[in-house]
Amino acid sequence: MSEISPGLWGILLHGVWVTVQLTVFSAALGAAVAFAVGLARTHRLRIVRIVSGAYFELFRGTSALVLMIWVFFVVPLTLGWQLVPMWAAVLTLGCTYGAYGSEVVRGAVAAVPQGQREAGVALGFTPAQRLRKIVLPQAWPEMVPPFNNLLIELLKGTALVSVLGVGDITFGAQLVRNATGRSAPVYSVVLVMYFVLAFLLTRAMRLVERRAKAGVGRGPSPEPAAAAQSGPDRRRDAAPSASAPGGAS
Amino acid sequence: MPADTALPNPAGAAPAGGRELIRLDQVTKRFGGTTVLDRLDFTVDPGKHVTLIGPSGSGKTTILRLLMTLTKPDEGTITVDGEQLFPASEKERREARKKIGMVFQQFNLFPNMTVLRNITEAPVTVLGLSRDEAEVRARELLDLVGLADKCDARPTQLSGGQQQRVAIARALAMRPRVLLLDEVTSALDPELVAGVLDLLRDIARSTDITMLCVTHEMNFARDISDQVLMFDAGRVIESGPPEKLFGDPEQERTREFLSAVL
């Protein structure tokens, strides 16, 4: 790999930065789309469910690569303006992965027990309050592991942007290969780069998952010290004997 | 309504003037082809404790769910404290619903909130209490149900009996005029049932809250009820004070049912 000069390394490292940016922006857009479309697909109005369902089917059924090329090259022909490649890529990736994510949101929301919603009705909450205070906080821990998968898919999916000439890792690799004429070392390094990024994402999402589960009283509490102190105590309290009439009667 | 006029003392026995708190008029509810409630009429006076008994599938729980607006009647009107629940707009229903609280068989505490928050959230969000006021009220109620030390616990850290007592406190925090109790001890381990029933006896004795109760605990029903309604196939086939209904039922069907469950 000695033939790869510092300048060429610089191209690859800049590519890493672009890939990270693409991932973050697309994930942000994708999350917004996932929640909006996912919740719309559980809406009580049929027309809302139909429109959001159509969105999901449309984006699930089209190739992200072709869509990206289409957004960048075909849309300008009809509309007369062109997005910069970076934003065309973010738009395509966000809308596509958001469609996959909407299925995650829909499933997790549907999995919240009906009794939780009924308790919300009994306490007089409006539908929006039930969603915000009861349903989403309980659905969220169920969403994190599949969102982690999607996020990694998205990270690797960003490689598609090299066709638009966005200087991500993959595009950098093509440049470096063209400059050195050597594929094996360049693409080996690039594989490792993607793996490291994906691994870091997974670790971060594990943390998110643990916090989310603690938020609904599953798994350890988010503050390790407090958990160590009160854990065994609480468990003892929860034993049936503590539930005798006690002070109640 | 031949079956109803045959009753010596129609449920609630409200005078025609209508000071009754709950009124069901000709309520019919069907699920698919099955008629769960068949042109049901009954009324409950303020402060009364009414227990609904009968075989499963006879429509008892459906009445509670109708009153909580968790399901809609196919026909008929339902009124609570002069406000119509059905037919009514969603907004009117939300107002009327504030007068009604419900405790569920499966507790349905919110696992994403602490015990205290379970109790304070609705008073703050729905009734507009300040968080401080709501917490004072919640702590009083937790004291009443014997769980003052569990404020910061999560529902998952409590036993079933404790969870149900928190659920009762949560319902009472809304200061409802009517409390609906839907088989509240059916999901509990046998040794936890007494604690919850004692608490409810206490509440029945010490408050003027109107209770509508579906239960299989006949001793409890006998203790707290002013009136017991025997349901069968979506109709009230017999009603009366507990001594009469448990001691000397008139209908053969009631006798059969009681001998099977007592």
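A residue counts as buried when its relative accessible area is under 20%. In this predicted model, B:Asn108 has a relative accessible area of 11%, so B:Asn108 is buried. B:Asn108 sits in the loop between β6 and α4 of chain B. Its phi is positive, about 55 degrees, although B:Asn108 is not a glycine.

B:Arg175 also has a positive phi without being a glycine, here about 50 degrees. This residue lies in the loop between α6 and β7 (178-182) of chain B. B:Arg175 is exposed, because its relative accessibility is 55% and the cut-off for exposed is over 50%. The peptide bond from B:Phe86 to B:Pro87 is cis, with omega near -10 degrees.

Chain B also meets chain A. The contact involves 40 residues of chain B and 32 residues of chain A. Together the two chains bury about 3000 Å², with 55% of this area on carbon and sulfur atoms. B:Phe110, B:Asn112 and B:Gln157 provide 17% of the area that chain B buries against chain A, more than any other three residues.

Between the chains there are 2 salt bridges. One of them joins the side chains of A:Lys133 and B:Glu121, at 2.6 Å from N to O. The most comes from α7(B), with 6 residues. By class, the chain B side has 17 nonpolar, 11 polar and 12 charged residues.

Definitions and conventions: Residues are numbered from 1 along each chain as its sequence is written. Chains are lettered from A and ligands numbered from 1 in the order in which they are written. This is a predicted model: local features need pLDDT of at least 70, side-chain atom pairs count only at pLDDT 80 or more; totals for chains, interfaces and linings use all residues. Side-chain values use heavy atoms; hydrogens and water are left out. Contact means heavy atoms within 4.5 Å. Buried area is the accessible area (1.4 Å probe) that two parts lose on being put together, summed over both. A salt bridge is a side-chain nitrogen of Lys or Arg within 4 Å of a carboxyl oxygen of Asp or Glu. Helices (H or I, at least four residues) and strands (E, at least two) are DSSP runs, numbered from the N terminus. Ala, Val, Leu, Ile, Met, Phe, Trp, Tyr, Cys and Pro count as nonpolar, Asp, Glu, Lys and Arg as charged, and the others, Gly among them, as polar. Buried means under 20% relative accessible area, exposed over 50%, partly exposed in between (1.4 Å probe, protein chains only).
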